[in-house]
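Subject: Structure handover

Hello,

Here is the structure for you to look over. My notes follow below it.

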Amino acid sequence: FRTMSYHDESDEYPDGAVRLRNPNIELMDQDILYHLALGSGSHDLHQMFGDVKFVCMGGTPKRMEQFANFIMDEIGYKLPAGTTLLDISQYSYRYSMYKVGPVLSISHGMGIPSVGILLHEVIKLMYHARVRDPVFFRLGTCGGIGLDGGHLVITDEAVDGMMRPYLELPVLGKLVQRPSKLDVELAKELQSLSTQDDPFETHVGRTMCTYDFYEGQGRLDGAFCDYTEKEKLEFLHKIHENNILNMEMESLAFAALTHHAGIRAAVICVTLLNRLNGDQVASSKEVLNEWQNRPQAIVARYIKKHMGMT
Ligand code: R2B
Ligand code: URA
């Protein structure tokens, strides 16, 4: 019997294979990846996905379609004549997935439950496809803590709303804790790919991952608010002093589940506002769209570098 506690973890990736810590899967005659509209019986997953190296996730289907088109240009990938980019998971009506050579671009929705379900299925997808050493990225948006809009934050440690560095999930009536560790070397390498010429700064620091956008992030503008502005600011200043640079809603599960599978992963988010100055996301659509390209630019540089293109 193996306990899955906070302390029981290893960082090893012996042969680069994606670790499936579930003996049941290979005993099943097929595995249906329900929310991806794929299956090991219905699809040749090795043939379809065996060459994947970079798995990029972000909240919305549109942004991940844009990223797929952007990365196609960046790496000079040509679709077979007469074909267009296809949403592989369109008939799941849940997530969208695009494949551009070695790059997967997948939407994960909002929040830990949504990204968690997706990660179970994408990690199994990597296993069925026999992918070795994939790198996972979350390209997201966030609220800055002491950072104005437009900055990039690469997470070195994800913490929950109580500043605890693990994901806690009730399983069979017991709380299971999994450390939300990210690859700090990967975070630093991504930071090193930003340049003096970029119109933004790239920071590495801690990220608070919450279960809610409004009360969970101490906003005053939700449907409910049972605290004062003073209490809100005391909290935000306290976490700021603890080197928390931003708040978002997926990094905890993203870090915990990739780490548990032995997959290297990074979370790179653009700030949409400085939460020390307000709550509402009030910048124009044009400005917000330009900001959301910034994580994509850095990840594209990483992908090109590791494809030997730069
Ligand atoms: C950032 O933006 C979303 C909330 O607006 C959420 O998915 C997150 O982490
Ligand atoms: N995403 C969040 O989770 N919080 C913000 O403040 C902005 C984007």
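Start with helix 6 (residues 251–260), which is mostly covered: ten of its ten residues are buried. A residue counts as buried if 20 or more other C-beta atoms lie within 10 Å of its own, exposed if 12 or fewer, and partly exposed in between; C-beta atoms are placed from the backbone. Helices (H or I, at least four residues) and strands (E, at least two) are DSSP runs, numbered from the N terminus. The buried residues of helix 6 are S251, L252, A253, F254, A255, A256, L257, T258, H259 and H260. Just after helix 6, G262 has a positive phi of about 75°.

Two points on conventions. This is a predicted model: local features need pLDDT of at least 70, side-chain atom pairs count only at pLDDT 80 or more, and totals for chains, interfaces and linings use all residues. Residues are numbered from 1 along each chain as its sequence is written, while chains are lettered from A and ligands numbered from 1 in the order in which they are written.

**Ligand 1**

Which residues are around ligand 1? They are G59, M110, G140, T141, C142, F213, E248, M249 and E250. A residue is taken as near a molecule or strand if its C-beta atom, placed from the backbone, lies within 6 Å of it. Strand 6 (residues 135–144) supplies the largest share of this shell, three residues. By type, the shell around ligand 1 has four nonpolar, three polar and two charged residues. Here Ala, Val, Leu, Ile, Met, Phe, Trp, Tyr, Cys and Pro count as nonpolar, Asp, Glu, Lys and Arg as charged, and the others, Gly among them, as polar.

**Ligand 2**

Around ligand 2 are T141, C142, G143, F213, Q217, M247, E248, M249 and L272. Strand 6 and strand 11 (244–248) are the elements that give two or more residues to this shell. Strand 6 gives the most, with three. The shell around ligand 2 divides into five nonpolar, three polar and one charged.

**Annotated positions**

UniProt, in an unreviewed entry, places the feature "binding site" at Q217 and R219. The same feature name, again from an unreviewed entry, is placed at R94, R138, L139, G140 and T141. UniProt positions are given in the numbering used here, feature names are shortened, and annotations may be inferred rather than shown by experiment.

Take Q217 in the loop between strand 10 (202–209) and helix 5 (229–241). Q217 is buried because 23 other C-beta atoms lie within 10 Å. Q217 touches G143, T210, D212 and M247, not counting residues up to four places away in sequence. Contact means that the C-beta atoms of two residues, placed from the backbone, lie within 7 Å.

R219 also lies in the loop between strand 10 and helix 5. Is R219 buried or partly exposed? R219 is partly exposed, because 17 other C-beta atoms lie within 10 Å. Not counting residues up to four places away in sequence, R219 touches Y214 and D279.

L139 is in strand 6. L139 counts as buried because it has 25 C-beta neighbours inside 10 Å. Its contacts, leaving aside neighbours within four places in sequence, are C56, G58, F67, I268, P295, Q296 and V299.

T141 sits in strand 6 too. T141 is buried, with 22 other C-beta atoms within 10 Å. Leaving aside neighbours within four places in sequence, T141 is in contact with C269, V270, L272 and Q292.

Best wishes
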